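Hello,

Here is the structure we talked about handing over. Please open it first, then read the notes below alongside it.

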Amino acid sequence: MEKCREKREWGEKVSRLGGKVRIEKVLTDKVAPEWKEKKVQGEEKARGEGKASGEKRSQGKERVSKGDGRGFKRGRGEGQAREEQLSKDQGKGRVDKERVEELGWVEEQGRDKAGKQREEQTPGERKGRGQGKGRGVGKVWAEDPEKGEARYRTRYQGRARARRKGRCEEMGGGGAKSGGETRCKCKCRCTTRGSSRTGESWSHVARCPAMYPAGPAWPKLRVLRALWALLAVLLAPWRLWAKEDIQECIWHVVLIKFEAVGEEGRSDRFFDLEPLESLDSVFSLLVDAPTDQNEKYLGFPYYLKINYSCGGESSEAQVRKGHLTGLKPLVLVTFQSPVNFHRWKIEQLQIQMEAAPFRSKERCNAEEVCAMSWYTPMPIKNGSVVMYVDVRSNGLGPFVQNKRFHVNINGFLQKQQDNTLQFTVGNEIFNLIPRYFINVPSRPLWHTVNQTPVLILGGIPDEKSVLLTDTSFTDFFLVELNIDSCWVGSFYCPQASFTATIYDAIATESTLFIRQNQLVYYFTGTYVTLHESNQGSGSWVRVLANECIKKLCPVHAHGNGSEYIMALTTGKREGYVHFGTITDGRVSFELLPRQRSVCEGLQVVNCSIIWAVFIAGDYNLLLLVQMEDPTTRKYFQVVSYDLVSNYLAILYTIPEFIPDARGLEFLMLLGTESHTTFLMVPKGMFYNQYSNLLYIWGNFLLQSYNYENFIYLADFPKEQSIKYLVNSFRGDMAIVTETEEIWYLLEGSYRMYKLFPSRGWEVHINLQVMHQSSVYTPNETMVTLFYEDTKLYQLVYLMKNQQGQLVKRHVPVEQLLMYQQLSNHYFFKRQGSHLTLSFTNFCPFSVMRLRDLPNPQVYSRQERYQARPPRVVEPSGFHNENSLAVYQGLVYYLLCLHSEYHKPYADRVHDSTWSWSNKKQDRDYYFYLASNSQSPGNVYIDMASYEKIYDLKADYELPERIFLDKGTSYVFSVFLRVGGQSLEFTPERVLTSEELKSTVDLGVVLADPGCIEAVVKQKFLINRNSVLFRVTLSDKRSCFDQGLSGHHLLETSMLLKVAGAVGHCFQNTHQGPRMAT
């Protein structure tokens, strides 16, 4: 990154050389400290009577109001009776001391007869005074002298005030009378704190306690130490009990058939796609309701059943508690766009629903409810087979963390005559034999990214079985495939041995591919929503029957409305690639190169294609070719083949030996570097279509942005050999070696980190053992490694007590790197007579925030609908089968309106629900019927609950996708603070602009600088020790290959980098720690 030159004005456009940008800086005037900004910190509004804030308000406690000379009642039971006794003395100007002491409460008026504050209050204090923190320390409200705003400050009490707080004068009946009020002459307030065993904190405030004789004056220092010790003793139990009360709760979601609602312990598979036509009987009852009696309402065949559990235990009482405290799950269903944009329009569609409570149908002896769950319809959309279900809380009741579920359609199931389900690809095996997994090497999970509803994983030794899942391995099945397993050996296709193992398995949107020995099979599932007809395969189809296939290579990204797969040949077809295209479930193969083999095109006698990568946007095929020359040793080249022009070219020749980096993290290969004596043995390639990064891997790792100039990453040991790569396509990449080591690389950087085995992994394992985690055992075998929603997961086979278990567990990459950094960079610092443990912080900043984010829908093209369940007349709020059926019909009708809406440009509304506007005119009438329990069917339908949302706000992070039209821009800001974690009123040292300039530096790396440009402007906020970067991404109006709206889009990426942040900075987010770049 080029260093920025000092400037005093906003910069111009950024010039990019090699994917970098030049940042132009601005020196601004000093700004006000951050603590002077207006902040709302839970201020309590003091009453006009001067009653102090911070008093505990709870049921069962009495309260006396003196604002108008009358007491009022709050509480229940005995507390109400006591308040009635106090209310009898209203107007007498005093409260009987003995009666008040018996009730345990005494309150003091904070004003005199003229309504003024007590004389001892400081001029900056408000009417109410904050609750004291122990003896000798109090909090008061003070006004900012510059803005006149109130802020919270802590004030230490003097020796005299500390004595007065413990020696208050008791005023049982000597107060002056003023309008029935009791005025205390005491000028102090004593506060005590306590804690109940249930973890609820309570506060007891006593006004004007009895006065005691004066005692000896303690030294001030001793008083403060004693008071802080007392404060720690009082607060420690409360904090411990509070942590015990906050349990870790997680959501649980299962799929339930329409007719099985209310049944416990049941879950169904997602395969039935036919809409329900049995809702007419329910909607016909809604005569006087905002529905159209002439409309035919249909429903979806499934519900989502939602529950939650806390502390790993699920109980009926927990769910009931959540319902009674107002908890309502909010469900957001996101439909993934299909591959074939020629048949289906490309759209980013979401629907947000509120779950409805429903009693279980199981036998219950309770009067109201025993078991219950929440339900929402599970919508289906034509063209989508992959759906994401995000569940979050409405903010009431217990805290349950947000969670995402993969709910995908399984097109490889069919119903038998006895209504049982059976796989069409084979027979399910219910016994997971340990020999299938123990000491078996891990294998990659290959599929089309974000488009595959069903994943398969082979590699089970000597078995023609695969692991199959439609929930991203949340649950899975072991299926023995129905293939013939014949072995054809010949002179042109030599086979040394035969095995039943499925070596290569690749999943696409609707088709599964496998390779057994030299044979290739595929199976197309039944997806009516994709193909609009039943085009599923009746059995496995063998392709390339006369060919000898040695390897299948995946294409992770779809393009041009199709998916792709490549089969590498051996024997008589050595030097050719069978290029497969999958469109709407139809599979076709073409032999490439078309005119002559790669060996003939390169004019070599013997060659072998080791790996192939297809770049769909450029119609370009990259081949890793091994050359064999009788006069020289074996060497490797990267060859390019253009599918349009049939042009074959050599892009790069891989060095024979591994370069000598001489202690550097990376080395640019120019041909002039020195080499070691270790041979470079390439085994494969990987291409990221978003960042345009090409990787060549083996016992080394090379990366390139243009396929010709490569960078050698020296952190990877040359003694190891890479087995496969795993990419999140959002900047993260994991590497698995032949010895099952796991390495991590952040794309755009050059530093590689060893995750397993490592010191960080040992710390993590020890912590998991302390927590008695059930997903970590000493005897385990990794089956595969994969990314899901930017998080890294392992599929691991565990052996515990002679019992085997296959589990999916999260690999906390950021935590492992944090543990490793702390264990490697610590030192002891002497403070006085003892040593303290300290850690070195290499992160150049302490806070990173995104600011000024625009509303996301304009740039993300996100369309979101909202649907709430109809309200039921029943007081308990529980729904019945009819009300849930109404919910199904309304959600179905809402999505039908969306799909039938053609979005004309001349439409003033651009809203598919505009036809419901006439239904909203009579909403007051329908509400009147519901409020008088006269709604038909005992349900109230508010048509305003079914609408399209246009005002989504930014969620403090960049959207997943940003669509830029011709000449448009996307602008946001990055805020970086240098120094401590919290901003003090008086920082230890204010950094100058030059120091800030040398500490933090932000750069932008563009994958396609010819189409996108970046402008970065910088402001120094000196008094805050902060820097504000303003980033502008713009379309340069120079790329015109796009077709119609959503067709042939240029997919590119942008990477923001802070110098020195990779591997050293970890950002705490609501989803856990995240590495900052």
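The chain has 1077 residues, and buried residues make up 49% of them. Please keep in mind that this is a predicted model.

Overall picture

The secondary structure comes to 15 helices and 62 strands. Taking the contacts in the chain with a separation of 6 or more, 60% are between residues 24 or more positions apart. The accessible surface of the chain is about 54,000 Å², and carbon and sulfur atoms account for 49% of that surface.

Disulfides

A disulfide is a covalent bond between the sulfur atoms of two cysteines. How many disulfides does a search of the whole structure find? The search finds five.

Cys 364 is joined to Cys 370, with an S to S distance of 1.9 Å. The torsion about this S-S bond is about 75°, so the disulfide of Cys 364 and Cys 370 is right-handed. Are its two cysteines buried or exposed? Cys 364 has 31% relative accessibility, so it counts as partly exposed. Cys 370 has a relative accessible area of 22% and is therefore partly exposed too.

Cys 599 is joined to Cys 607, with 1.7 Å from S to S. Here the torsion about the S-S bond is -95°, and the link is left-handed. Both of these cysteines, Cys 599 and Cys 607, are buried.

Cys 1011 is joined to Cys 1039, with 1.6 Å from S to S. The torsion about the S-S bond of Cys 1011 and Cys 1039 is -75°, and this link is left-handed. Cys 1011 has 10% relative accessibility, so it counts as buried.

Cys 553, at 0% relative accessibility, counts as buried, and Cys 896, at 22%, counts as partly exposed.

Helix H14

Which residues of helix H14 (residues 923-931) are buried? They are Tyr 926, Leu 929 and Ala 930. These residues cover an arc of only 100° around the axis, so they lie on the same side of H14. Just after H14 comes Ser 933, which takes a positive phi of about 55°.

Regards

Technical notes:
Residues numbered from 1 in each chain as written. Predicted model: local features only at pLDDT ≥ 70, side-chain atom pairs only at ≥ 80, totals over all residues. Heavy atoms only, no water. Buried < 20%, exposed > 50% of the residue type's maximum accessible area, 1.4 Å probe, protein only. Helix = DSSP H or I, 4+ residues; strand = E, 2+ residues; numbered from the N terminus. Arc of directions from axis to C-beta. Contact = heavy atoms within 4.5 Å. Areas by Shrake-Rupley, 256 points an atom, 1.4 Å probe, with all protein chains shown as cover. Disulfide = S-S within 2.5 Å.
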